[in-house]
Amino acid sequence: MKAVLLTLALLSAAPVALAGESCASPDAGLPAAWSAWSRATPLTAATKAADQPEVALGQAYAAQLQPAAQMQYEIEPAKGVTPGSFGGLVMLTVVTGDNYTVALDGKAWIEVIRDGQVIESASHGHGPACTTIHKMVTFPLTPGVYTLQLANAEAATVKIEPQDVAISNGIDN
């Protein structure tokens, strides 16, 4: 019985694989454009817009989020705020207009905001099989400064990486 419980625990913690695939080395097959995913830089996400740290395209961050009760969102998240969840704000500057994907390693609601307006996503989906990328959301962005607003995260830390779709080697959704 202990062996069965241990096996179930290990399977529930393993990255999701497509049928017939093995995930002996999660993230080993990520394209070079996503190589930063395995080298996330620690970052503390802000509770209000004035304190946002800036993130860079092509860089992964292990973002320390804040309790939902402490968040001062500029715009209420479209999914509302779940009590007991976590959130955070980070700033992204875009120089060239293009589609940009934001990858996350866990469950969280992500919105991109500029000048008080939520930017509607162009697409969303899961990350590639045998990776720790849980969610990928693509947004059409023009040059400017944006807030990446995270809400309703189940965990206090989430890995996040914004990436230009033009260089992401086709693994975006």
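Okay, let's start with the sheet: six strands make an open sheet here, and reading across you get β1-β3-β12-β6-β10-β9, with mixed pairing. At the edges sit β1, residues 41-44, and β9, residues 123-125, and each of those pairs on one side only. From one strand to the next, the twist averages 25°. Just keep in mind that this is a predicted model.

If you're new to sheets, here's the background: strands of a sheet pair through backbone hydrogen bonds, and they can do that parallel or antiparallel.

β1 pairs with β3, residues 61-64, in the parallel sense, over 4 bridges. To find that spot on your screen, look for Thr44, which stands opposite Gln64 in β3.

Now go to β6, residues 98-104. Is this strand mostly covered or mostly open? Mostly covered: 5 of its 7 residues are buried. What does β6 pair with? One partner is β10, residues 135-141, which runs antiparallel to β6 over 7 bridges. Another is β12, residues 157-164, also antiparallel, joined to β6 by 5 bridges. Ala103 is a handy residue for seeing both: in β10 its bridge partner is Met136, and in β12 Ala103 stands opposite Glu161.

Next up, a residue I'd like you to click on: Asn152, in strand β11, residues 144-153. Is Asn152 buried or exposed? The relative accessible area is 15%, and buried means under 20%, so Asn152 counts as buried. What does its side chain reach? There's the backbone oxygen of Gly80, at 3.0 Å, and there's a polar contact of 3.5 Å with the side chain of Ser85. Leaving out residues up to four places away in sequence, Asn152 touches a whole list of residues, including Val81, Phe86, Lys107 and Trp109.

The Trp109 side chain makes a polar contact with the side chain of Glu111, at 3.1 Å. Again skipping residues up to four places away in sequence, Trp109 touches, among others, Pro77, Lys135, Gln149 and Asn152. Have a look at Lys135 in particular: Trp109 and Lys135 are 26 residues apart along the chain, and their C-alpha atoms are separated by 9.8 Å.

Conventions: Residues numbered from 1 in each chain as written. Predicted model: local features only at pLDDT ≥ 70, side-chain atom pairs only at ≥ 80, totals over all residues. Heavy atoms only, no water. Buried < 20%, exposed > 50% of the residue type's maximum accessible area, 1.4 Å probe, protein only. Helix = DSSP H or I, 4+ residues; strand = E, 2+ residues; numbered from the N terminus. Pairing = 2+ DSSP bridges. Polar contact = N/O pair within 3.5 Å; in protein donor to acceptor, adjacent residues only side chain to side chain. Contact = heavy atoms within 4.5 Å. Axes fitted to C-alpha atoms, helices over the stretch in contact; angles between N-to-C directions.
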